[in-house]
Amino acid sequence: MLSKIFSRENLYDWLSVEVYKLKPGSVVLNIGASGKMDELIRGNKELNIISIDIDPDKNPDIVMDATELTFENNHFDAVFMMEVLEHVKTPHMAVNEIERVLKKDGTFIMSTPFVFGIHEEPYDFFRFTKYGLKHLFINFTDVELRARNGYYGSIVVLFMRSIFSPGKLQQAIGGLLIIIGFPFFLSLVLLDRLVKDDRATTGYFVTCKKS
């Protein structure tokens, strides 16, 4: 899907690198089962991975809420939470639980959208700025935030996502705008490469350590 390529720009590449930074034999928790990112994480066969999800239809290893983890303290070497935090009603509780189950110096790797339409409704609750994320991870160290793309790239994604609007008329209008506006969108993509402006981005990729 073209809109996902732009909205998740750089995300898969960054995740692929981080997955293989982990030591062989690492015990890993993946919060949010199924999908491309779950496949990338499981691609490293040297990791011992447990996946959880609140939705049993996604076939997690364990059906579990991220805000009520039943694992022991200091259990995991790493925790992944990709495109999930925006769907958690109490994100600070999930972050506290992740910190609890991570070992000292354990790695937390996550991503979340910013400029992006409502999805998986009605279970889409939050958008986080980079400052909001830094506040959430205030108890972690070595916090690194990466914007997936820039201001102009995020505009392109909003237009592309218009074809998923509710109602056939809105979808038809969205498709027409994409066709008519293609040269304009191409110029925005080029601008995004030339002008570094991350005041808006489709989302953030974060890595940090438990202190």
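**View 1. Leu136 is a buried residue at 19% relative accessible area.** Buried means under 20% relative accessible area, exposed over 50%, and partly exposed in between (1.4 Å probe, protein chains only). Leu136 sits in helix α5, residues 130–136; helices (H or I, at least four residues) and strands (E, at least two) are DSSP runs, numbered from the N terminus. The model is predicted: local features need pLDDT of at least 70, side-chain atom pairs count only at pLDDT 80 or more, and totals for chains, interfaces and linings use all residues. Residues are numbered from 1 along each chain as its sequence is written, and side-chain values use heavy atoms, with hydrogens and water left out.

**View 2. Arg42 forms salt bridges with Asp38 and with Asp61.** A salt bridge is a side-chain nitrogen of Lys or Arg within 4 Å of a carboxyl oxygen of Asp or Glu. Between Asp38 and Arg42 the N to O distance is 3.5 Å. These two residues are about one helical turn apart, because they lie 4 residues from each other in helix α3 (residues 35–42). Asp38 is buried at 11% relative accessible area, whereas Arg42 is partly exposed at 28%. For Asp61 and Arg42 the closest N and O atoms are 3.0 Å apart. This pair links distant parts of the chain, 19 residues apart: Asp61 is in the loop between β2 (48–53) and β3 (62–63), and Arg42 is in helix α3. Asp61 is partly exposed, with 47% relative accessibility.

**View 3. Lys104 and Asp105 are joined by a salt bridge.** Their closest N and O atoms are 3.7 Å apart. Lys104 is exposed at 62% relative accessibility, and Asp105 is partly exposed at 46%. Elsewhere, a network of salt bridges links Glu18, Lys21, Glu144 and Arg146. The whole structure has 14 salt bridges.

**View 4. Phe159, Leu169, Ile173, Leu177 and Phe184 make up a nonpolar surface patch.** Patches are made of residues with over 30% relative accessible area and no salt bridge; like charges are joined within 9 Å, and nonpolar side chains (Val, Leu, Ile, Met, Phe, Trp, Tyr) within 5 Å. Together the five residues have about 470 Å² of accessible area, computed by the Shrake-Rupley method with a 1.4 Å probe, where for residues only the protein chains shown count as cover. Helix α7 (residues 168–180) gives the most to the patch, with 3 residues. Leu169 lies in this helix and is exposed at 61% relative accessible area.

**View 5. Helices α6 (residues 151–160) and α8 (residues 182–194) cross at roughly 150 degrees, their axes coming within 7 Å.** The crossing angle makes α6 roughly antiparallel to α8. Angles under 35 degrees count as roughly parallel, over 145 as roughly antiparallel, 65 to 115 as roughly perpendicular and the rest as oblique. Axes are lines fitted to C-alpha atoms, for helices over the stretch in contact, and angles run from 0 to 180 degrees between N-to-C directions.

**View 6. Asn10 and Asp142 have positive phi values.** Phi of Asn10 is near 75 degrees; this residue is in the loop between α1 (2–7) and α2 (11–19) and is partly exposed at 32%. Asp142, with phi of about 50 degrees, lies in strand β6 (residues 140–147) and is exposed at 61%.
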